[in-house]
Structures are given as structure tokens and as C-alpha cells.
Amino acid sequence: MAANDGEEATVSLVDVLEEDEELENEASAVLGGSDSEKCSYPEGYVKRQALYACNTCTPKGGEPAGICLACSYKCHEGHELFELYTKRNFRCDCGNDKFGEMECKLFPDKEKVNLGNKYSHNFFGLYCTCDRPYPDPEDEVADEMIQCIICEDWLHGRHLGCLVPECVELQEMICESCMNKSLFLWTYAAHIAGRYYTWFLEGSRPDCRLEEMKASGKSRAQHGAVFWPASWRTKLCSCSVCKDIFMNAGVAFLFDDTDTVLAYENKGKTSEQAGGAEGRDPLMSALNNLNRVQQLEIIHEYNDMKTELKDYLQRFAAEGKVVTPEDIRHFFEQQQTRKRRRANAGQYYCS
């Protein structure tokens, strides 16, 4: 709601909710792309899914294991969990031999081990080249964590060996270690990983883009992580020789646009929005019909609720616990109880 001339600028509750809704869509995109009710094991090695590791069941010193979103809710409630964000080509381990006598409640009929799974120190709650937890209680430096699209480890910005460019959320990063395992990627980096990139050196399409790049003589220092521009994967040479090179290096997934975390998140956002659109529209319409005083009163209560919810969720984060639907229902039941007490005591918000 815009203010009249000379009045203090105000924002309507609808604006506040729409902004929060956008942030919530971003946060729920990772979970929205995975099933919260069914174990993903029957799907085999899922192309990309949200994963967790259970420090209660598979602590450091034992075998690393990963569990799907549904199992984190149904089989490991109250356990200390590490959120791994997403991993590619992974099959849920919940209840297999790595968990001893524990049996998966959702899909107990599992093989003893998933030989195709790949693990890292992430599965023990450790990240980056510094091999530290995140958040790290001993780290006093405010720093972002960025995921390498090949090894899928998370690295501190200050440990990448390069400057982190602006708009990093629109780009993909490959860490120095992964670049050095696939040295041909440095040739691509010299041509397409800068703000401006060169492409065809001639007017006609070459038989092999990679060979053409090599022939140009253009190079770059082979150290530090590399940040790639949007749609950079479409610039990779897909001739038969190059496909074999990527396959042998274990990075053939770079040819797949749907492999990206962004593609996965967009899928989750679409599912979330499709599932909740009908329920939100009437609310927005009703709020638009409130006068300014009513909206301000609700904004006060809404902001207080957000603060209390944040404090409530931080306790789960501190203990490494997954927030379940039952926990959220309990929070709002407490809110209703407090609201009734305030009303009975004659305490009201005012603008």
C-alpha cells in the first residue's frame, strides 16, 4: 500500500506476505523436489534428491551413510542429523547393513549396501578443505559456503583460492581439486568462465570445439576455483571424442541441463506453488480489503510470530534435529494459547 504525499511510507501486509512467500519458496525448493512421505529407495539411484546423514546411527568412525527426506522424518525423528542439501545419483541407505539392527520403517526390503553411492566427509558433518563443521562454533569469520557442482562438497568462500564474483547464485562453481582431476576443463575455463567469453574462432562450426579452443593458444592460470556463467554447459563440445573424455573423467553429467541444482529447485518451486496456489489467493484477497489500521495491527502480530518461530527453529538447528510437521503444529498451538491469554488479560496491540 503506497503512502500519500507527506505521509510516512508504509508497506501493506500483502506486500510483506508476498515477500516472505518468495523467500519461503526458495527455502522449500530443495525439499519440494523430494517426497516427504515415501522412501526414495525403490526409485534406485535418484538423479538428485535432498539427503541427510544421521550422526546418531552412523557416527564418525563408522561407515558413512545417507538417508532420504522421508526417512529423516519417519525413521530418525529426534536423532542428530546433518543436512546435506542435495546429492546426485544416490540411493537411500536407511536400514541397510550400515545401520546395524535398525530397520527402515518405510521400506525395509533393502540391499545390504548401495555400491553405487559416493560418500565424502559431508556425511559426518564436515565440509570444505578445512574439514570443519557448519555452522562452526569456533569460526569467528562470517563467510558463505559454496557447493562444487562436481564433488558436491561445500567450501568457504575464503578457501576457494579465488575471488567470489557477484551474483554467485546465478553461477556454478567447480573447485580447484575437481578442475585438476579433469584438466581439459581448464581449456574451457580460459574461454567461457570469464565475464566475457570467446566462442567460435571462425564463422563455421568446427568439428570439435575443444580442439579449436586449444588451437587458439588462450590459457589461464590453473589454480583456484572456477565460476561459470549461466548456460555454460550448453557451450561444451558434444562430439563423440569429447563425450568419451567426459565419460572417462566421470563428469558426463555436465552435458545434462536437468542435472543442475537450479533445475531441481525450480521443479520443487513449481510443485509447491501448484499445491498451494488455491489456498493462498483467498487470503491475499481478504487482506487487501482490510483498512490501514487493521493491517498494521496484524503486521505487529505477524512480526512477533516470525521472531518467535525463528527462535523456536533455532533450537532444532542447534541440536541437529529435523523439524517435523508435528513440531510446527505444536508451535502454532502454543501461539493460540498465548493469544487467548493476552485477550483474556485485556492486552492488545496498537499502532
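Reply: A pair of aromatic rings is described by the distance of the centres and the angle of the planes. Rings of Phe, Tyr and Trp (its six-membered ring) pair if their centres lie within 6.5 Å; planes under 30 degrees apart count as stacked, over 60 as edge-to-face and the rest as tilted. In this structure, a search of the whole molecule finds 11 aromatic pairs. One of them joins Tyr85 and Trp154, edge-to-face, at 5.2 Å centre to centre and 75° between the planes. This pair links distant parts of the chain, 69 residues apart: Tyr85 belongs to strand β3 (residues 81–90) and Trp154 to strand β5 (residues 154–156). Strands (E, at least two residues) and helices (H or I, at least four) are DSSP runs, numbered from the N terminus.

Me: On what kind of model do these values rest?

Reply: This is a predicted model, in which local features need pLDDT of at least 70 and side-chain atom pairs count only at pLDDT 80 or more, while totals for chains, interfaces and linings use all residues. Residues are numbered from 1 along each chain as its sequence is written, and side-chain values use heavy atoms, with hydrogens and water left out.

Me: Is Trp154 buried or exposed?

Reply: Buried means under 20% relative accessible area, exposed over 50%, and partly exposed in between (1.4 Å probe, protein chains only). Trp154 counts as buried because its relative accessibility is 18%. A further ring pair is formed by Tyr188 and Phe246, with centres 6.2 Å apart and planes at 65°, so this pair is also edge-to-face. Tyr188 lies in helix α4 (residues 184–192) and Phe246 in helix α6, so the pair ties together parts 58 residues apart in sequence. Tyr188 has 0% relative accessibility and counts as buried; Phe246 is likewise buried, at 0%.

Me: Which residues does Asp259 touch?

Reply: Contact means heavy atoms within 4.5 Å. Not counting residues up to four places away in sequence, Asp259 touches Arg48, Arg88, Arg233 and Phe253. Asp259 lies in the loop between α6 (240–248) and α7 (261–288), and is buried, with a relative accessible area of 4%.
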